[in-house]
Amino acid sequence: MSLKTLISLGGWGVHGSRKFSVLGFIQLVEVKHEFHDIIKWNKPNKLKLWDPQKTCDIKSLPKVDPNALKLEYRPFAHIIEKLPEDDRKLFTMALGSRKDWTNIIMEDTLSLVKRHKYDNKSPEFKVAKLTIQIRNYQAIFEENFKFGRGMMKTQCKEAIQKRHKHLTWLKLYDIKKFEWILVLLGIIFKANPEVFEHPKRKTAVSKLTEMYCTAIRSQRLFEYKLELESQKISFLEEKLTTLEKIKADEDTMRIPCSVEEDIQETIQRLENMKTNPVEIKPVEQLELVPSYQVPDNLYRIGQTKNSVRY
């Protein structure tokens, strides 16, 4: 057996006094089909836990006026206004920390959803509080990616899951208040999927192929229907000629005419089709080169497959 044969098949070879192993090399031939150019699937990028597309937050943290007083100094606004400008600046948000900014945003937002002055247990209060916390985490993680690890990441995930739980409860018991809180806070609610599944190439390509075949089938049926509609007038004219010939033969044989009603009906249908042609609405054009998108409710909001449920 030659060395070339051994290399193609794999096995052991002998060269002089040395014995060596020869690995089998299989030439991979890429088989291309026209579907490979039509249907393309790229795996979707995995979103971060705090990404607004995953947490379903439309809005971000609002900006605070730098001249506004800090939250703890608001009751003394009438006294601080009398101070000089340099001294008054010490009590404003111009020299405030992130915590001061978050406290003001939290208080202003909660004042819009509270049922009464001492409300701290209602679902809308909890949803609003958790929403501000989540958006604060998002702002921190965007400024410094290193903070998106460890304890802060866990706290953010827990806040996302708790907010989803409260929104689910609120939707079940008070749909009007649920819709109002979504519009007010700028949140999109996505229900948990009935069946959890990861986006896989095989499944996605199967769906895309089905969509492609459905589009072709619908287009060809539409074209065939147009062809049949275009032949209706000629068919009715041929039918009318045949019926008149039958009527003439019956008159010749002096027997009662049996096709008079059919002739009148055919003439009426022919006139209607010429004056009011039938318009066929085209089918919805599906993309012949579809692009796969992950379903919106594929992942639970802020939750991975192995994360803890609340």
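**Core packing and helix pairs**

Modeller: Leu167 touches Val127, Phe178, Ile181, Leu182, Ile187 and Phe189, leaving aside residues up to four places away in sequence; contact means heavy atoms within 4.5 Å. This is a predicted model, in which local features need pLDDT of at least 70 and side-chain atom pairs count only at pLDDT 80 or more, while totals for chains, interfaces and linings use all residues. Residues are numbered from 1 along each chain as its sequence is written, and side-chain values use heavy atoms, with hydrogens and water left out.

Biologist: Which residues have the most contacts inside the largest nonpolar core?

Modeller: Leu167 and Ile181 do, in a core of 19 residues. A nonpolar core is a set of buried Ala, Val, Leu, Ile, Met, Phe, Trp, Tyr and Cys residues joined through side-chain atoms within 4.5 Å. Buried means under 20% relative accessible area and exposed over 50%, with partly exposed in between (1.4 Å probe, protein chains only).

Biologist: And which helices supply this core?

Modeller: H6, H7, H8 and H9 each supply at least two of its residues, and H6 gives the most, with five. Helices (H or I, at least four residues) and strands (E, at least two) are DSSP runs, numbered from the N terminus. Apart from this core lies another, of ten residues, among them Leu130, Ile134, Cys156 and Ala159.

Biologist: Which residues of H9 are buried?

Modeller: In H9, residues 175-185, these are Phe178, Ile181, Leu182 and Leu185. Viewed down the axis of H9, they fall within an arc of 100°, so they line one face of the helix; the arc is that of the directions from the helix axis to the C-beta atoms. Lys176 and Val183, on the other side of H9, are exposed.

Biologist: What do the buried residues of H9 pack against?

Modeller: They pack against H6 (98-113), H7 (123-143) and H8 (150-173). Just after H9, Gly186 takes a positive phi of about 75°.

Biologist: A change of topic: how do the axes of H11 and H12 cross?

Modeller: The axes of H11 (residues 232-252) and H12 (residues 260-275) come within 10 Å and cross at roughly 155°. Axes are lines fitted to C-alpha atoms, for helices over the stretch in contact, and angles run from 0 to 180 degrees between N-to-C directions. H11 and H12 are therefore roughly antiparallel, a term for angles over 145 degrees.

Biologist: Finally, how many helices and strands are in the protein chain?

Modeller: The protein chain has twelve helices and two strands.

Technical notes. Angles under 35 degrees count as roughly parallel, over 145 as roughly antiparallel, 65 to 115 as roughly perpendicular and the rest as oblique.
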